[in-house]
Amino acid sequence: MDQIAFVYLGTPVYWSGIISALGVAAAVLMTLALRARQGRGMGGAAVFCLLALVLGFFCARFVHWYCFYRQYSSLSQAFSDYSVGAFALPGAFFGVLLAALILRALGAVRDLGALLDCAAPAAALGIAVGRFGFLFNSLDRGKTVF
């Protein structure tokens with residue numbers, strides 16, 4: 001069971017959520033920093049990060065629901081009750097790729113390869129921050145990353 005970090009207006013905030021948010025923030029900041037270092041447009045990278053967060057969130061939850069459907073009573077519960085279940089990392093990657101392809105199709109990003117070159121090491125950093133935090137939180141010890 002996950003430990004509660006604090007309670008805000010009657011809603012418990014868990015350590016796993018805080019650590020996951022730190023991992024996501026590290027990945028977004030690294031993506032933007034690498035894009036700035038490339039000397040390319042930051043507007044497309046910022047829109048990419050925002051769209052990747054939204055699509056990655058929903059795809060990660062959907063893949064987890066699909067793979068572990070017995071944890072949920074329905075698909076609507078998977079997207080309304082976040083105290084049940086988790087998120088699947090492959091779904092998050094699919095959401096990020098989908099965001100990149102949508103922006104490429106809309107013409108907002110011309111150099112898709114260069115943008116994904118910024119996102120790849122940032123994703124590794126985000127995963128490392130999350131896994132490192134879970135090491136100290138005693139969560140997911142001995143389990144495969146999914």
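Strands S1 (residues 4-8) and S2 (residues 11-14) run antiparallel, and 4 bridges join them. One of the bridges can be named: Tyr8 has Thr11 as its partner in S2.

S1 and S2 form a hairpin, with 2 residues between the strands. Leu9 sits in that turn. Its phi is positive, at about 55°.

## The overall plan and its confidence

This is a predicted model. The protein has 5 helices and 2 strands. Along the sequence, the pattern reads β-β-α-α-α-α-α. Of the 146 residues, 29% are buried.

How confident is the prediction, on average? The mean pLDDT of the protein is 86. A score of at least 70 is reached by 89% of the residues. Confidence is lowest in S2, with a mean of 81. It is highest in helix H4 (residues 89-106), at 93. Where pLDDT is low, predicted coordinates should not be read in detail.

## Helix H2

Helix H2 covers residues 42-67, which makes 26 residues.

H2 has a set of buried residues: Gly44, Ala45, Phe48, Cys49, Ala52, Leu55, Gly56, Cys59, Ala60, Arg61 and His64. An α-helix has 3.6 residues a turn, so residues three or four places apart point the same way.

## The nonpolar core

Which residues make up the largest nonpolar core? There are 12 in all: Ala45, Phe48, Cys49, Ala52, Leu55, Ala99, Ala100, Leu103, Val109, Leu112, Leu115 and Ala119. H2, H4 and helix H5 (112-137) each supply at least two residues of this core. The largest share, 5 residues, comes from H2.

## Aromatic pairs

The whole structure holds 4 aromatic pairs. One of them joins Phe57 and Phe87.

Phe58 and Phe79 form another pair, with ring centres 5.8 Å apart. Their planes lie at 35°, so this pair is tilted. Phe58 belongs to helix H2, and Phe79 to the loop between H3 and H4, so the pair ties together parts 21 residues apart in sequence. Phe58 is partly exposed, at 41% relative accessibility. Phe79 is partly exposed as well, at 26%.

## A cluster and a charge

Which residues do ring pairs link into a cluster? They are Phe57, Phe58, Phe79 and Phe87.

Phe87 has a further contact. Arg61 lies over the face of its ring, 5.3 Å from the ring centre.

Notes:
Residues are numbered from 1 along each chain as its sequence is written. This is a predicted model: local features need pLDDT of at least 70, side-chain atom pairs count only at pLDDT 80 or more; totals for chains, interfaces and linings use all residues. Side-chain values use heavy atoms; hydrogens and water are left out. Two strands pair if DSSP finds at least two bridges between them. The expected span of a helix is 1.5 Å times one less than its number of residues. Buried means under 20% relative accessible area, exposed over 50%, partly exposed in between (1.4 Å probe, protein chains only). pLDDT is the predictor's confidence in each residue, from 0 to 100. Rings of Phe, Tyr and Trp (its six-membered ring) pair if their centres lie within 6.5 Å; planes under 30 degrees apart count as stacked, over 60 as edge-to-face and the rest as tilted. A charge sits over a ring if NZ of Lys or CZ of Arg is within 6 Å of the ring centre and within 35 degrees of the ring normal. A nonpolar core is a set of buried Ala, Val, Leu, Ile, Met, Phe, Trp, Tyr and Cys residues joined through side-chain atoms within 4.5 Å.
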